[in-house]
Amino acid sequence: MAKQEIRLGDYIINENSFPYIIAEIGINHNGDLQIAKRLIDAANACLWNCVKFQKREPDIAVPEEQKNRMRDTPWGRITYLEYKKKIEFGKKEYDYIDKYCKDKPIAWSASPWDIPSLEFLLNYDLPFIKIASAINADKDMLRLACESRKPLLVSTGMSTLEDLDRMVDLLEKYSDGNYVLLHTNSVYPTPAAELNLRMIKTLRERYHCLVGYSGHEQDLEPTVVAGALGAKVIERHVTLDHDMWGTDHSASLSVTGMAMLQGRLREILVMLGTGEKSISENEREVRRKLRGNE
């Protein structure tokens, strides 16, 4: 059975906790460690809990039919496979990221897109492993991720309920309930009419687990609503500039947006209160004025 309380590094999430907020740098660093550092700095300054990257072995992860497609890039017109290799961080970069984040301190993790990348990431003391929607049907990847004994954050994009039933059965079998399901739509950016935020409640009721939200929309409001609906992990792509070259920048938050989201989540969760009927001290004063000494 899924755990109702999960530790992500030094942060504990449960139904009463403030959301654990992840800055998805992904590949928005464009292969430049200096851009990655600036985004880490921004996430730390905005009081987000974690930064997250994506790790691939391009020869394995890139589908065969896409490898030789030509693409215009900052490195000229090259194949899609060459482009993916250009933006991929290796051991040298991740060793630096690991130390840089520890010095802040801010947590970091990554989404492995293939088994060698998962094995690579397990050399680091990560608070969780993220399973991207693109690989959530990969039984071997899921089983090995479960066997790592790391908490798993599992995106549910591109999946039917039947797909998710099979996935959760596997998580229950191998993970000891140490997982969070993240509602998401894998369109970048996601149209408002396709966000379907009520799925947060559906996932919680169907699988009796902690639920989060990985948003790919362009604005803040859907993510704030997700927090109000009970998302306990929130992930958003982040960028230094929406006009930077790359595929994910348009569906990412700028640094200003990162700061605004943190504040709005706190405001909305304060507004929601506890659900228990009580009279505040401010209301008691109004009551004395309007009702007298009853």
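**Exercise 1. Determine how Glu-205 and Lys-201 are paired and how they are placed in their helix.**

Solution. Glu-205 and Lys-201 form a salt bridge, with their closest N and O atoms 3.9 Å apart. A salt bridge requires a side-chain nitrogen of Lys or Arg within 4 Å of a carboxyl oxygen of Asp or Glu. Both residues belong to helix α9 (residues 199-207), where they are four residues apart and hence separated by about one helical turn. Helices (H or I, at least four residues) and strands (E, at least two) are DSSP runs, numbered from the N terminus. Lys-201 is partly exposed, with a relative accessible area of 48%. Here buried means under 20% relative accessible area, exposed over 50%, and partly exposed in between (1.4 Å probe, protein chains only).

The structure is a predicted model, in which local features need pLDDT of at least 70 and side-chain atom pairs count only at pLDDT 80 or more, while totals for chains, interfaces and linings use all residues. Residues are numbered from 1 along each chain as its sequence is written, and side-chain values use heavy atoms, with hydrogens and water left out.

**Exercise 2. State which parts of the chain are tied together by the salt bridges Glu-217 to Arg-236 and Glu-221 to Arg-264.**

Solution. Step one concerns Glu-217 and Arg-236, whose side chains meet in a salt bridge of 3.3 Å, N to O. Glu-217 lies in the loop between β11 (211-215) and α10 (221-228), and Arg-236 in strand β12 (residues 233-237), so the pair ties together parts that are 19 residues apart in sequence. Glu-217 and Arg-236 are both buried.

Step two concerns Glu-221 and Arg-264, which are joined by a salt bridge of 3.4 Å, N to O. Because Glu-221 lies in helix α10 and Arg-264 in helix α11 (residues 255-272), this pair ties together parts that are 43 residues apart in sequence. Glu-221 is partly exposed at 44% relative accessibility, and Arg-264 is partly exposed at 30%.

Step three widens the view: Glu-24, Lys-52, Lys-130 and Glu-235 are linked in a network of salt bridges. The count for the structure comes to 21 salt bridges.

**Exercise 3. Describe the largest nonpolar core and the contacts of Val-51.**

Solution. A nonpolar core is a set of buried Ala, Val, Leu, Ile, Met, Phe, Trp, Tyr and Cys residues joined through side-chain atoms within 4.5 Å. The largest one holds 64 residues, of which Trp-48, Val-51, Phe-53, Trp-108 and Leu-181 touch the most other members. Helix α1 (residues 33-45) supplies the largest share of this core, six residues. Apart from this core lies another of 12 residues, among them Tyr-20, Cys-50, Phe-128 and Val-233.

Contact means heavy atoms within 4.5 Å. Leaving aside neighbours within four places in sequence, the contacts of Val-51 include Ala-23, Ile-25, Ile-40, Cys-101 and Trp-108.

**Exercise 4. Locate Leu-126 and list its contacts.**

Solution. Leu-126 is found in the loop between α6 and β8. Leu-126 is buried, at 4% relative accessibility. Not counting residues up to four places away in sequence, Leu-126 touches Trp-108, Ser-109, Leu-121 and Lys-150. Leu-126 and Ala-110 are 16 residues apart in sequence and 8.5 Å apart in space, C-alpha to C-alpha.
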